[in-house]
Amino acid sequence: MKIAILPGDGIGTEIVAEAVKVMNVLDLKFEMETALVGGAAYDAHGHPLPDATLSLAKQADAVLFGAVGDWKYDTLDRPLRPEQAILGLRKNLGLFANLRPAICYQQLVDASSLKPELIAGLDILIIRELTGDIYFGQPRGRRTSPDGNFPGAQEAFDTMRYTRPEIERIAHVAFQAARKRSKRVTSVDKANVLETFQFWKDVVTEVGLQYPDVELDHMYVDNAAMQLVKAPKRFDVMVTGNMFGDILSDEASMLTGSIGMLPSASLNASSQGLYEPSHGSAPDIAGKGVANPLATILSVSMMLRYSLNQPQAAERIESAVKAVLASGLRTPDIYSQGTTKVGTREMGDAVVAALTQSITKKTTTV
Ligand code: IPM
Ligand code: MG
């Protein structure tokens, strides 16, 4: 199993190091190769996604990605900014299906800004289309406005667009995921205003006919944003476009108390995947050893499940994380009174310890 390790910027290097420690104690053989990406790659090679990094990622069965970005790159031309690395990887590897679970861990119910009864037991899977929509739609650019409210004025524009096959394939991902859960899909659109999202709604409805066992409903994105904070447990699988999914997945992550806990997977048609924490590079706490490595460690678990076909190893990691939380260890982002505050490395070590215990237990009972 070939894994490209791309730690990136900010806390990326610290959290990925802990995830690699976890991978090393699983009784599996990984061939891991590390490369620079994002601002770190720009500093060393003048480009956020150097050819060597891209070809390493393309050849791997899976990519473990940390995070990219830092304020110091904000003034660079857009093609050279760190964010272009992740967008380039998504596009070049065809990673169209982004799975972003929002799970509220029982022990962290008080870390949420919402009332415990609203979020206890929350388990939503947001499926975000990742290679289309206004993120990649051409044409885009700046020009002199040919019409509109201020003809002749300077303007900027982007293009929102989706083809039928793009919508069909992400809809299939959603319905199939729902079949393994509580068989409900909410498709989020803006069909009341946008042609692109009326088409989205029509195509998702059509695909839904092939899944009569799955209940499908449709919701406008503004209402979905409201329902997420009003009654989040009404959702199971949510499927939506690239831009709405970007926004709603950040909102959903915060329902759970800490974005530091949430992994994500970005998959292509051949189950090759990029796995990354849902949070960013957090330059404000970089190098301080306080970042929460659990989202990255849980991303390894998603990698084992979705790209490497090792569901048992995935479950072992998830149980180890739960055991560590149950033991009361907390990084500062999830700390509450009565628990034990630890740093990045101690948290990683604790997961490793829980895993090696479970491996020993397994072998002694056999
Ligand atoms: C995300 C991020 C990215 C996105 C940025 C870094 C380009 O916000 O993965 O959600 O907008 O997709
Ligand atoms: Mg985002």
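Strands β11 (residues 263-267) and β12 pair in the antiparallel sense over five bridges, where a strand is a DSSP run of E with at least two residues, numbered from the N terminus, and pairing takes at least two DSSP bridges between the two strands. One of the partners to look for is E276 in β12, which is bridged to S264. The two strands form a hairpin with five residues between them, and in that turn S271 has a positive phi of about 65 degrees.

Before I go on, a word on the model, friends: it is predicted, so to speak of local features we need pLDDT of at least 70, side-chain atom pairs count only at pLDDT 80 or more, and totals for chains, interfaces and linings use all residues. Residues are numbered from 1 along each chain as its sequence is written, chains are lettered from A and ligands numbered from 1 in the order in which they are written, and side-chain values use heavy atoms, with hydrogens and water left out.

Back to β12. On its pairing with β3 (residues 62-67), the two run parallel and three bridges join them; here A62 has G273 as its bridge partner. Why is β12 largely enclosed by the rest of the structure? Because five of the five residues in β12 (residues 273-277) are buried, meaning under 20% relative accessible area, with exposed over 50% and partly exposed in between, for a 1.4 Å probe and protein chains only. In a regular strand, side chains alternate between the two faces of the sheet. In β12, G273, Y275 and P277 point one way, while L274 and E276 point the other way.

Now to the ligand. Which residues are around ligand 1? They are E83, R90, R100, R128, Y135 and D246, each with a heavy atom within 4 Å of the ligand. By class, that shell has five charged residues, one nonpolar and no polar; Asp, Glu, Lys and Arg count as charged, Ala, Val, Leu, Ile, Met, Phe, Trp, Tyr, Cys and Pro as nonpolar, and the others, Gly among them, as polar. For polar contacts, the cut-off is a pair of N or O atoms within 3.5 Å. A polar side-chain atom of R100 is 2.8 Å from a ligand 1 oxygen, R128 has a side-chain N or O atom 2.8 Å from an oxygen of the ligand, and for D246 the distance is 2.9 Å. Of the 320 Å² of accessible area that ligand 1 has on its own, the protein covers 73%, by the Shrake-Rupley method with a 1.4 Å probe.

How values were computed: Helix = DSSP H or I, 4+ residues; strand = E, 2+ residues; numbered from the N terminus. Polar contact = N/O pair within 3.5 Å; in protein donor to acceptor, adjacent residues only side chain to side chain.
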